[in-house]
Amino acid sequence: MTAVPPARGHGRIRSPWANYVTTARYLALFALACFFLMPVYALLITALKSPSEVSVVRMWQWPHALSLDNFAIVWPKLREGFTNSVLMALPASVLSSLLGAANGFVLSKWRFPGADFAFALILFGMFIPYQAVLIPMFQVMSYSGLRGGLYGLILVHVIYGLPITTLIFRSYFAGISEELIEAAKVDGAGMLRTFVFVALPIAPPAFAVAMIWQFTSAWNDFLFGVLLTNKDRWPITVALNNIAGSQAVPFNEAMASALLACLPTLLVYVLLGRFFMRGLMAGALKG
Amino acid sequence: MRRLRAWGPGLLLIAPSLVALAVFVYGFLGWNIRVSMSSWRGLAPAHDFVGLDNYVALLGDVRFTHYDVPNIAIFTLVFVIGSLVVGFVMAVLLDRGVTGENVFRSVYLFPMAISFIATAIIWRWLMDNGGGESTTGINQLLADAGLESWRSDWFKSSSRWAIAAIALPAGWSLTGYVMSLFLAGMRGVPEELREAARVDGASEPRVFWHVVRPMLLPVLMSAVVILTHISLKTFDLFYAMDQKNIKIDTPALYMWFTTFDGGFYARGAAIATLLLLGVATIIVPYIWYSVREERRK
């Protein structure tokens, strides 16, 4: 477990075992990588085989020829859900981040009595099991006419995203110097001016973290989507589950649609992984 | 009055968020508890008061007591311990720096960007149960590796532990997260502390045990709390995996089906309230502790 080789550059005598330990360590890391990539391998090669070549029994076999036919088959069925998810996840992440920025600023730099208590109450919203709000949500959204379309879904994603975005911005603003805020105050700037002209301009990194986190959660959400939308407004996860969510669906179509459905979040992860990581750390309440 | 002018505007700016959360979190949670004490069944809400009748009825409900509760207990145990152990080992392997660390880290972490629905769809096929000639998925890989005896029916097994198979996709999704937490914790240990112990003649394993390990306790606590609450409330992974399989039924699924398919709103609300209680008992002390620790700094 503690396969830690002696630190280099300390003039220590290298143990004769050091080489074996290093090799074993790389083998272990490589084996773990294989485990994590195994499902992706099956997913990719199945989706890229021609439909006639696909067979569940030969799921691990390399394709004879690459083909995009599977995507052509499933894309028409997924397109509407894909569009809905884009139309829902983008505004949800932007609005939630803007409100979270305001909350984070006030709770760290323009505090009022009981600000920490208010923060704790906000944080709790991040951890509740959503099952315990589904019935009231269903009632309220039905009565207000927001159930069925995308607006209701956007609204709940914005609201239930507030705890994490508030947390991200609060940690971020807590790290900027008090003097910057004091200087603005001395110059006669009020709270709103300080927020807009001093705090917001230095907050792009926090926006990146909050928006990526919110986009990923909204894109991957299933529960709210299936409760609050009608068939023509289904987000991608609900559409995917209905297309590929049974063993009766051909294997190639299931894999191709699963791949298409996770492309946007995977792309975000590959391109902006650094910010994705920071969101993860914030989720553990550590700045 | 002057103090009000000082902090009033701030309060005003966050008032919309506070009101929205007050209604959508606390208002809804309260209303759900109220529903759990009514006899609402069917389309029209009932506003009568039956006390704890729905909770008492759940105690005599075989699906809840004989399947859901033991199932979620088994799943939580296997999933949380499994992810912690593997995630910790991954962090130890990466801690002192290896060539290509970024690549390994990305590979371990990317499943987290994939929705539970897609994860379930992929893994359901990997845990396919074809036998003999039509063996496929993981069972086929095991057979090819000469480990035929490891063959399993996974979540379709008749064993009480069938639900433990779902810990595999769940762990696939979240172990990288645990690794990141531990890795951040290990890297947070000042190098001078390790060096001081080395100067005193401690071997590397001893440095780890006596210097690094005690400082990882807060990380361990975070990881346990986060994994446990995810485990209790996860719905879509099981739903997309095999929703009609009582062997992998959980309180979260029972709540959904009984409420929105069956119309037993009061019963669904009671199950949800119990879930809330379970999550709150671990989350409330955790938030309290985190906020207090932060104030101390």
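**View 1. Chain B runs α-α-α-α-α-α-α-α-α-α-α-α-α from the N terminus on.** This is a predicted model, in which local features need pLDDT of at least 70, side-chain atom pairs count only at pLDDT 80 or more, and totals for chains, interfaces and linings use all residues. Residues are numbered from 1 along each chain as its sequence is written, and chains are lettered from A and ligands numbered from 1 in the order in which they are written. Chain B has 13 helices and 0 strands; helices (H or I, at least four residues) and strands (E, at least two) are DSSP runs, numbered from the N terminus. The C-alpha trace of chain B spans about 80 × 70 × 30 Å along its principal axes.

**View 2. Burial in chain B.** Of its 297 residues, 45% count as buried (20 or more other C-beta atoms within 10 Å of the residue's own, with C-beta atoms placed from the backbone). Among contacts in chain B with a separation of 6 or more, 69% join residues 24 or more positions apart; two residues are in contact if their C-beta atoms, placed from the backbone, lie within 7 Å.

**View 3. The contact between chains A and B takes 77 residues from chain A and 79 residues from chain B.** On the side of chain A that touches chain B, helix H11 (residues 251-283) of chain A gives the most, with 14 residues. That side of chain A divides into 61 nonpolar, 12 polar and 4 charged residues (Ala, Val, Leu, Ile, Met, Phe, Trp, Tyr, Cys and Pro count as nonpolar, Asp, Glu, Lys and Arg as charged, and the others, Gly among them, as polar).

**View 4. Chain A is assigned domain 1 (1-67) and domain 2 (72-283).** The bounds come from an automatic or database domain assignment. The C-alpha centres of the two domains of chain A lie 33 Å apart.

Technical notes
Buried ≥ 20, exposed ≤ 12 C-beta atoms within 10 Å, placed from the backbone.
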